[in-house]
Amino acid sequence: MKTNPFRAFLARQLGFPTGLFGHLLLKMLNKNNAAMNDLVLQMLKLETGNRVLEIGFGGGDLIDKIVNTKKPILTVGIERSLDAVTLCQRRFQQIINQNKLELHLADATKLPLPNDYFNQICTVNTIYFWIDTAQVLSECHRVLIPGGKLVISYASKAFLEQKKFTQHGFTAYETTQIETILKAAGFTEINTISHQDTHHQQFFCTCAEKR
């Protein structure tokens with residue numbers, strides 16, 4: 001099967017933005033992911049004094065929305081792309097200096113964070129790139145407080161297959177697969193809602209709690 005070189009390049013950049021193209025892509029993703037980020041923010045149900053973690057913050061659009069609620073006492077971001085970390089360190093330098101935001105270069109399979117620490121964890125359009133999804137969700141469970149919430153937003157399997165990203169390293173999931181992995185990781189109160197936008201067509205938001 002003949003592959004499209006640019007689509008393969010784009011798929012790699014979406015999973016690991018680097019260089020000038022990656023920098024431009026991060027800014028574009030802030031716009032393209034806006035509807036997903038808005039839905040995730042709504043589902044987090046933030047309260048004053050919360051600690052919030054975002055895994056794979058990219059260009060920082062969701063972090064910006066979270067900190068602008070003025071509710072979290074601390075927001076933390078984990079990202080495996082050094083370029084994304086550098087970009088957001090510049091963007092949020094004032095908030096970082098106020099000790100209200102921490103950004104870490106790290107892999108989600110081994111979060112450099114304490115047990116039972118966060119009230120909420122969120123992640124948008126990252127699950128396709130996780131090498132060990134079960135391990136990432138296990139780590140999320142570890143760092144959440146009892147009663148804490150995890151919110152995962154992702155495009156539909158049909159959309160990713162239509163765009164042919166599954167031919168270039170994306171792992172697409174049905175909602176039932178994600179719910180099953182969450183249950184195995186110890187999460188309860190698992191539920192999924194669907195939404196639509198012009199960029200991803202149908203997408204999903206799966207929420208779960210640690211008990």
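The buried residues of helix α3 pack against α4 (61-67), β4 (118-124), β5 (144-155), β6 (187-197) and β7 (201-210). Buried means under 20% relative accessible area, exposed over 50%, partly exposed in between, with a 1.4 Å probe and protein chains only. Helices (H or I, at least four residues) and strands (E, at least two) are DSSP runs, numbered from the N terminus.

A word on the source. This is a predicted model, where local features need pLDDT of at least 70 and side-chain atom pairs count only at pLDDT 80 or more, while totals for chains, interfaces and linings use all residues. Residues are numbered from 1 along each chain as its sequence is written, and side-chain values use heavy atoms, without hydrogens and water.

Back to α3, residues 34-44. Its buried residues are Met36, Asn37, Leu39, Val40, Met43 and Leu44. Just after α3, Lys45 takes a positive phi of about 55°.

Next, the core. The largest nonpolar core has 35 residues. Such a core is a set of buried Ala, Val, Leu, Ile, Met, Phe, Trp, Tyr and Cys residues joined through side-chain atoms within 4.5 Å. Strand β5 gives the largest share, five residues. Leu53, Ile121 and Leu150 have the most contacts inside this core.

Take Ile121. Leaving aside neighbours within four places in sequence, its contacts (heavy atoms within 4.5 Å) include Leu44, Leu53, Cys140 and Leu150.
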